[in-house]
Amino acid sequence: MRIRDWLERMDYELVQGSLDSPAEEVVYDSRKAGKNTVFVCIKGSVRDSHEFIPDVLAAGCRILVVEEDVKAPEDATVLKVKNGRMALAELSAARFGYPAEKMVMIGITGTKGKTTTSHMVKAALEAAGKKVGLIGTNGAVIGKEKYPTSNTTPESYVLQEYFAKMADAGCQYVVMEVSSQALMLNRVGGITFDYGMFTNISPDHIGPKEHESFEEYLYYKSRLLTACRTGLVNRMTDHYEEIVKDASCRLITYALEGEADFTGGNLHYASDHEFVGIEFDMKGLLSGRVRVGMPGKFNADNALAALAVCSLALKGEDGTLSEETKQALLHSLENVRVDGRMEIAYVSRICSVIVDYAHNAVSMESLLSTLRDYHPKRLVCVFGCGGNRAKERRYSMGEIGGRMADFNILTADNPRYEKNEDIIKDIEAGMAKTDGKYIVIPDRREAIAYAMKHAEEGDMIAIIGKGHEDYQEIEGVRHHFLDREVVEETAKELA
């Protein structure tokens, strides 16, 4: 390949050198630079990679993509661009042969629900017989292979590499979470999504190295609706008019108990010794009774959004869905599971056990409030707090547990470099503001086992804080630990 082969869709200025220079790889980490690589300079929040140009030149790299004037030897090719991150996204797409264009792309943004909704979309499309790739907070999934991701939305080069693997594996659809950071930093630059979904918005990710204000956060979230062909937006979310005001796509709306193109109503909180979840009636292009194997009204919201986008993505040329596809979609979420997100880990005639990632006061309160809707005999909460984090989180979670749960078991989370007993004492300080009942079992495995072995008929047990995490971090060392596995081990003992 020559560098000119990757520049057809880019705006750039050739400062010096030749567009016929050989190019085999795109790099943005100076340590990976070498012969026939293209080094893209990025101005980050901590370092400006322009300062590493002498290093990449010494490594044999002779193609530089820069934002500012630089000194380079005569045999180097220098391309100047307005935005290095956008250039990285465009070059990465070209380097892998624009793989996103070979599949139907579905991007999901919002403050809450991205991970759950993306898994629901994947489950529904697979129920309709489609092969689906997934990228998000819980990692990238291609067939049976799962890869860890460092960000909700990985860097643009990594994204394009995953897209290429998905296309090669025969994926017809890609479902991915799109964070506000990804939109602000052009990680999804150059991608036109076939469908862009906006679930909801509330203040979050505001502070150093994130967003300066809620207004900036909302602005970047809403950019997804300028980078897709069809936008699906929750009509009931706060700030709806601000979200859609710059949209350049066809807009479709959904709403639980509201006016929209897709609606859901007649909600029922279902709970018995075999099933815990929610049911609702859906109307729109897809109509029928929907049964979702995850509890909570917000999961009805997520399911409505997921089924709405799938019905749009699967309709035929005549704009309708076959009866077979309709039935597949309507039944696709009965057994849906998302690791660590309101995950039903165990159900028996005695109790049900939910594993969830709730690790701060807001998410904990939302979770416990949701489980209260199922009217358990007792709501039991097993939780701890992470070490080397703000103590206020411990006080507030202790207070919420004491106020909203019937019984709490205080235990370890990720103590990191703090003593677990000190963390628990802080939680107890918050608990002391209430009349809440609790015991302390420092070992998390023992705490989970105790909750299940001492359950009373009709109990609902919430094990929160770690969710999908498969480790406990103690003194800088990560030890394998997954809440769901401990639940399954205990269930075998009880059988």
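Mentor: Let's start with strand β14 (residues 262-271) and β15, which run antiparallel and are joined by seven bridges. By the way, this is a predicted model, where local features need pLDDT of at least 70 and side-chain atom pairs pLDDT 80 or more, while totals for chains, interfaces and linings use all residues. Residues are numbered from 1 along each chain as its sequence is written, and side-chain values use heavy atoms, with hydrogens and water left out.

Trainee: What makes β14 and β15 a pair?

Mentor: Two strands pair if DSSP finds at least two bridges between them. Seven bridges join β14 to β15, so they qualify. For instance, Tyr269 stands opposite Ile278 in β15. A strand itself is a DSSP run of E with at least two residues, and a helix is a run of H or I with at least four, both numbered from the N terminus.

Trainee: Why do β17 and β21 count as edges of their sheet?

Mentor: That open sheet has six strands in the order β17-β18-β22-β19-β20-β21, with mixed pairing. β17 (343-347) and β21 (438-440) each have a single partner strand, so one side of each is left without a neighbour in the sheet. The partner of β17 is β18 (residues 351-356), joined by four bridges.

Trainee: What makes the second largest pocket a pocket?

Mentor: On a 1 Å grid over the protein atoms alone, a cavity is a set of points where a 1.4 Å probe fits but cannot get out; a pocket is an open set with protein on both sides within 12 Å along at least five of seven lines. Lining residues have an atom within 4 Å of a point. The volume, the space filled by probe spheres set on points joined across faces, edges and corners, is about 710 Å³ here. Of the 26 lining residues, the closest to the centre are Ile42, Lys43, Gly44, Ser45 and Arg85.
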